[in-house]
Amino acid sequence: MKKLSLRARVLTGTVAVAALGAGTFGAVSANASAPAAAPAAAVKADTHNRNVQQSTHLTVAAATKAAQATLDAAKKENQRVSVAVVDRNGNTIVTLRGDGAGPQSPESAVKKAFTAVSWNAPTSELVKRLEQTPNLKDIPGTLFLGGGAPVQVKGAPVAGIGVAGAPSGDLDEKFAKAGVAALAR
């Protein structure tokens, strides 16, 4: 087999890259210009159907408003905390780490928020339940310390706010409740 010169190898490589790029660009262009596929037959949601359930979720803007109100309440008392807002399913919507908050505080805030929304109760109340059912603390993702508050609509949980970093769970929970209150304004 004959060895190609450096010039021939560079030229061959350049042609190969150009061809690959053109193929990719062509595929993307063709895909972008192709008409959208007709949607499948629309399924009409029947709200009276017992197999369908509606739920309420916070918007990112509302979650951010609550989180910022929480940080502001903590800042007024010179506390360095982190705050997390989770949706009804425990998925994090927003997390804010306040200036100077400890490295453990963001994760703790998420767990407190998750715990509050899971049981639809402030985490300080849930700490009391541990006396009767100590194995509650073994549920993954939970943290049974004061600092979590549920966000409710008509008594049903739609989100949870968790705060961590203040010297006590009572303070953390006070700030979380400030975030909940901000949503009512």
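## The sheet

Four strands line up here as an open sheet, ordered 2-1-4-3, with antiparallel pairing. For the terms: strands (E, at least two residues) and helices (H or I, at least four) are DSSP runs numbered from the N terminus, and two strands count as paired if DSSP finds at least two bridges between them. Out at the edges sit strand 2 (92-97) and strand 3 (148-153), each pairing on one side only. From one strand to the next, the twist averages 15°; axes are lines fitted to C-alpha atoms, for helices over the stretch in contact, and angles run from 0 to 180 degrees between N-to-C directions.

This is a predicted model, so to speak of local features takes pLDDT of at least 70 and side-chain atom pairs count only at 80 or more, while totals for chains, interfaces and linings use all residues. Residues are numbered from 1 along each chain as its sequence is written, and side-chain values use heavy atoms, leaving out hydrogens and water.

Strand 1 (residues 82-87) runs antiparallel to strand 2 over 5 bridges, with Val86 opposite Thr92. Helix 3 (residues 105-119) packs on the sheet and touches strands 1, 2, 3 and 4 (156-164), contact being heavy atoms within 4.5 Å. Its direction makes about 155° with that of strand 4.

## Confidence

Mean pLDDT (the predictor's per-residue confidence, from 0 to 100) is 84 for the chain, and 75% of residues reach 70 or more. Residues 15-34 fall below 50.
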